[in-house]
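I opened the notebook to keep track of what I looked up.

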Amino acid sequence: MSTQRLKVILNADSDYDIRVGVGVLDTFASRLRDETDAEKAVVITDSNVGPLYLERVREGLTQAGFEAFDLTVPAGEESKSIAVASELWEALALLGLGRDGLIVGLGGGVAGDLAGFVASTYMRGVDCVQVPTTLLAMVDSSIGGKTGVNLVAGKNLVGTFKQPIHVLADLETLRTLPTEEWDNGFAEIAKSALIDGPEFYQWLEGNAEALLAHDEEITQQAIVRALTFKARVVASDVTEKGQRECLNYGHTFAHALEAASGFRISHGRAVAEGMRFAARLAVEAVGAPAAFADAQDALLNRLGLQPITEAFSADELYGRMFSDKKVRKGALRFVLAQAPGQWESVAVDPDLVKIYLILWEQAKM
Ligand code: ADP
Ligand code: ZN
């Protein structure tokens with residue numbers, strides 16, 4: 001299985017490489033040398049990932065001639081805070097990282113979002129490399145350039161757009177990833193396939209079991225497909241004004257559900273449930289065939305993303321949907337699909353949404 005290289009081309013003077021393969025962690029640093037003149041490189045990681053992979057990354061950086069440092073934050077969503085970002089800014093200054101320095105984000109979405117946020121703000125922005133170690137981060141958050149920290153009022157409410165200069169996904173790191181973390185990646189892969197179109201969707205239907213079994217070759221193919229799709233979408237809409245909305249498929253409902261559960265329900269499980277909800281809403285809102293919802297259900301089930309069994313109040317979910325930061329001018333917009341690749345972003349009558357939320361709640365009781 002060889003390393004695959006993709007290029008994200010944002011515009012004429014901004015592009016970067018993504019490498020996906022086994023063992024890329026050991027070889028990436030020497031390649032970086034062609035892309036940066038940085039003398040110092042600071043790896044930002046978390047307390048779970050650091051003990052597993054930090055040494056290899058530091059070793060590579062040192063061998064490539066960087067003076068390497070590392071900063072470790074506690075694992076967990078709580079680290080995505082302005083308080084932790086502020087500690088990192090201070091630490092970077094103490095390490096003497098200059099405007100030409102390099103930051104490497106090593107870990108899942110938490111380390112990546114935090115490292116990207118700090119890199120985009122420290123000294124008005126220094127270069128950043130993303131080394132995602134969760135399937136979710138590999139297929140989703142590590143590219144697209146969104147960074148952020150959470151507020152008490154909600155997740156990711158403060159952030160920036162910061163494109164990395166390089167992204168490296170080493171499949172070997174997934175060997176230590178807890179099983180439940182794979183679900184998050186599977187849901188985003190299913191979402192990507194569904195929005196991308198029949199080719200990816202059928203591939204996923206044909207490889208769902210292998211993916212569920214963590215087959216490395218198939219996982220690599222899934223990552224490359226999802227990234228190719230996302231890179232194309234991001235390139236067409238860097239700052240999220242239009243086309244990029246499709247990435248939000250299943251997410252309006254998912255964000256409400258995650259919050260209503262106090263984040264007990266994982267992002268992936270919530271997205272899968274949100275896709276189920278969207279497919280049903282699409283029957284009424286855009287005339288989608290009911291068979292589409294059934295086919296999508298079957299695929300999600302095969303990826304181990306069974307429907308959630310717990311009921312949450314329709315009223316509460318409805319209220320939370322309206323407080324989502326993506327609500328525009330009081331209209332609830334949903335990305336709705338009728339078939340793989342056929343999606344549209346529609347303002348749905350809030351009363352119709354309410355009805356479907358009540359039906360959803362009743363079905364769970
Ligand atoms: P994401 O947002 O991508 O799901 P998080 O940063 O929340 O990622 O990571 C989820 C959990 O998995 C965290 O506890 C993190 O420390 C841990 N983790 C991340 N990558 C790995 C890995 N390769 N092996 C083991 N644990 C990991
Ligand atoms: Zn998502």
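**Entry: the model.** I am working with a predicted model.

**Entry: zinc.** I looked up the donors of the zinc ion (ligand 2). They are Glu 188 through OE, His 251 through NE2 and His 267 through NE2, at 1.9 to 2.1 Å. Glu 188 sits in helix α6 (residues 179–196) and His 251 in helix α9 (residues 251–260). That pair links distant parts of the chain, 63 residues apart. I then checked burial for both. Glu 188 has a relative accessible area of 1%, so I note it as buried. His 251 has 6%, under the 20% cut-off, so it is buried too.

**Entry: aromatic rings.** How many aromatic pairs does a search of the whole structure find? I got 7. I looked into Phe 277 and Phe 334. Their ring centres are 6.3 Å apart and their planes are at 45°, so I log the pair as tilted. Phe 277 belongs to helix α10, whereas Phe 334 belongs to strand β10 (residues 332–339). The pair therefore ties together parts that are 57 residues apart in sequence. Both Phe 277 and Phe 334 are buried.

**Entry: second largest pocket.** Phe 277 and Trp 360 turned up again here, in the lining. I noted a volume of about 240 Å³ for this pocket. Which helices each supply at least two residues of its lining? They are α10 (267–286) and α13 (350–364). The largest share, 5 residues, comes from α13. Other lining residues I wrote down include Glu 273, Arg 276, Arg 280, Asp 297 and Lys 364. By class I have 6 nonpolar and 5 charged residues, with no polar ones.

**Entry: helix α4.** I tested the length of α4 (residues 109–121). At 1.5 Å a residue, its 13 residues should span 18 Å. The end C-alpha atoms are 18 Å apart, so the two agree. Is α4 enclosed or open to the outside? I found 11 of its 13 residues buried, so α4 is largely enclosed by the rest of the structure. Among the buried ones are Val 110, Asp 113, Leu 114, Phe 117 and Ser 120. Just after α4, I noted that Met 123 takes a positive phi of about 50°.

How values were computed
Residues are numbered from 1 along each chain as its sequence is written. Chains are lettered from A and ligands numbered from 1 in the order in which they are written. This is a predicted model: local features need pLDDT of at least 70, side-chain atom pairs count only at pLDDT 80 or more; totals for chains, interfaces and linings use all residues. Side-chain values use heavy atoms; hydrogens and water are left out. Helices (H or I, at least four residues) and strands (E, at least two) are DSSP runs, numbered from the N terminus. The expected span of a helix is 1.5 Å times one less than its number of residues. Buried means under 20% relative accessible area, exposed over 50%, partly exposed in between (1.4 Å probe, protein chains only). On a 1 Å grid over the protein atoms alone, a cavity is a set of points where a 1.4 Å probe fits but cannot get out, and a pocket is an open set with protein on both sides within 12 Å along at least five of seven lines; lining residues have an atom within 4 Å of a point. Grid points are joined across faces, edges and corners, and a volume is the space filled by probe spheres set on the points. Ala, Val, Leu, Ile, Met, Phe, Trp, Tyr, Cys and Pro count as nonpolar, Asp, Glu, Lys and Arg as charged, and the others, Gly among them, as polar. Donors are N, O and S atoms within 2.8 Å of the metal (3.2 Å for Na, K and Ca); water is not among the atoms, so sites may look incomplete. Rings of Phe, Tyr and Trp (its six-membered ring) pair if their centres lie within 6.5 Å; planes under 30 degrees apart count as stacked, over 60 as edge-to-face and the rest as tilted.
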